[in-house]
Amino acid sequence: MNGDTCRKLIIILINLTKELQHKTCTFIDKGMNMIQPRFKDSPHFKDFWEKGNGKLLIEFSGAEVSFEKFEKFATFFYHVDEIGDEVVKDVYFTKKFNEASKEIEHYIRNGVSETDSVPESVKKLFSQTQKVPDWLDYNLLKSGAELCMRSNLDSLISLRDYCLIGGYDYAYLNKPLIVTEALKKGAVKRLSETLDFWVNATRYNALELHAKGYEFAIKTRLIHSYARLSIKKHYKDWDTENWGEPINSWDMMATYIGFSLVFLHSLKKLGNSFSVEEEQGMFHLWKYVGYLLGIPEQLLPDDKKQAAEYFYLWTSVQPPSDKDSVLLAHSLLNESLENPILKFEFQRKNLRYLHICCTWFLLDDEVCKRLEIPEVSYKNLFPKSKILFNKIYDSLVSREARIQRGNKDQMKVLEDYLNITKNSNFH
C-alpha cells in the first residue's frame, strides 16, 4: 500500500469518526436512551418514597429500591409498540375508521393464520397475541379475577380514587391525555371506557383467545397506537426529550403497575384481605394483559416486590402535578355531579363527597394538595366505616357468595355507565 492510499484511508477514517461523534452527540442531546433519574432528589419524590404511600408500598412489598438497574429500564422511555403502529398504518389509515374497526374485530374473533390474505403487520400482531406464552397459568388468572370480583365496589373505589386520580400527579404521564383533548370528551365517558375495559378483562375466562377481555386488550393496544401516531403527526410541540415517546412502553408499565400493585395496596388500605394465591393471581392477570397490549415482557412484574422496584425507577423521571393534572383531577371529581345515573342532585353531591373522602384517605396529603382536592369535614368517617364493614362482611359471608355478589354489582355499575354513554353525543 503506497503513501497516498494510506493518507486517503486515514482521511476517510477521520471523517467517519467525526460523523459518528456528531451522531452520538445528537443522540445524547435529544436525550434518547440517555435519560437520568432527574427527579430523584426532588421533594415530591423523596416525600413519596420516604414518608408517604411509596414508603408504605416498600413495606407492603418488601422491595429493595435503588437506581442500580435504572439504565436497563430507562431506554423504554423512548420505546413504543411498533407492531401495533404498523397495523394502524396498514388498516386504519387506509380506509374509513368504522370499516377498519370491523376488519380488526373480524381478526380478533376469528383469528389470523399465516396463509390469510392480510397485511404482514396484522399477521405479526396476531402471531404474537395468539401464541399463549409458556409462563401463563390459567389457575392464577382465575384467582386474580376472583379477587377483582369479590372486592366488589372497593375495586371500583380503588381504581378511581387511588389508581386513576393518583396517576394524575405524574405530569408527563398525562400529556397524551391533554394533547388528544381527553378533557373535552368528559370524565363520564372516559370513566365508562376505563370501567368497560377493566370489568371485561377481569371476569372468568375473559382472556382466552377471542374472548371479551382478549378483544378489549387488542382494541386498546390499537387505540394507543392510533393516538400515538396522531400525536406525532399533528402535535408538533411534543417534547420527546422530557416526556418520552407518546404512550411509551415505560409509561405503559407504570399504568399496569397501577392496576396491580397500587390496586392491591388500595384494597388493603380499605380493610380487604387476600390470600397469597390471589395476590399472585392479580400480578399474573395484569402481566398477561400487558403481554397482549404489546408491553415488553421484561417490564411486566411477577410480584409486588418487583413491581415496587420497577415503579420506584419510573417515578424518578416524573415531575409532580402541573395545571393539566389539576384539570384532570377536578374533571374526575366533578364527574359525580355530571353523571345522570343518580336522579337527584343531593345524591350526586353526596357521591362526590364520598369520593373526595376516599381520595384524601388513599392518597398522600401532599398529592391531594398538589391536585387541589377540596377539603371536606369528617373525611375519614366513610373510609374508616368501610374498613369496619369489610372485616365484618368477610367474616360472615363466604368467599363464593362475595365473588358472585361482587360480579353482579360491578356488572350493574358498568351497565349503568354504558347506558348513559351509548349516545355518542353525551359529553
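Is Arg 405 buried, partly exposed or exposed? Arg 405 is partly exposed, with a relative accessible area of 46%, where buried means under 20% relative accessible area, exposed over 50%, and partly exposed in between (1.4 Å probe, protein chains only).

The model is predicted, so local features need pLDDT of at least 70 and side-chain atom pairs count only at pLDDT 80 or more, whereas totals for chains, interfaces and linings use all residues. Residues are numbered from 1 along each chain as its sequence is written, and side-chain values use heavy atoms, with hydrogens and water left out.

**Salt bridges**

Side chains of opposite charge can pair when their charged atoms come close. A salt bridge is taken here as a side-chain nitrogen of Lys or Arg within 4 Å of a carboxyl oxygen of Asp or Glu, and the structure holds 32 of these salt bridges.

| Salt bridge | N to O distance |
|---|---|
| Lys 305 and Glu 309 | 2.8 Å |
| Asp 409 and Arg 405 | 3.0 Å |
| Lys 349 and Glu 345 | 3.5 Å |

Helices are DSSP runs (H or I, at least four residues), numbered from the N terminus. Lys 305 and Glu 309 lie 4 residues apart in helix 17 (residues 304-315), and are therefore separated by about one helical turn. Within this pair, Lys 305 is partly exposed at 31% relative accessible area, while Glu 309 counts as buried at 17%.

A spacing of 4 residues, again about one helical turn, separates Lys 349 from Glu 345 in helix 20 (residues 345-362), and Glu 345 is exposed, with a relative accessible area of 54%.

In helix 23 (residues 399-421), Asp 409 and Arg 405 are likewise 4 residues apart, about one turn of the helix; Asp 409 is buried, with a relative accessible area of 19%.

**Cysteines**

With a disulfide defined as a pair of cysteine sulfur atoms within 2.5 Å, a search of the whole structure finds 0 disulfides. Cys 148 is in no disulfide, and the nearest cysteine sulfur, that of Cys 163, is 10 Å away; Cys 148 is buried, with a relative accessible area of 0%. The sulfur of Cys 357 has its closest cysteine sulfur in Cys 358, at 6.8 Å, which is too far for a bond, and Cys 357 also counts as buried, at 0% relative accessibility.

Conventions. Helices (H or I, at least four residues) and strands (E, at least two) are DSSP runs, numbered from the N terminus.
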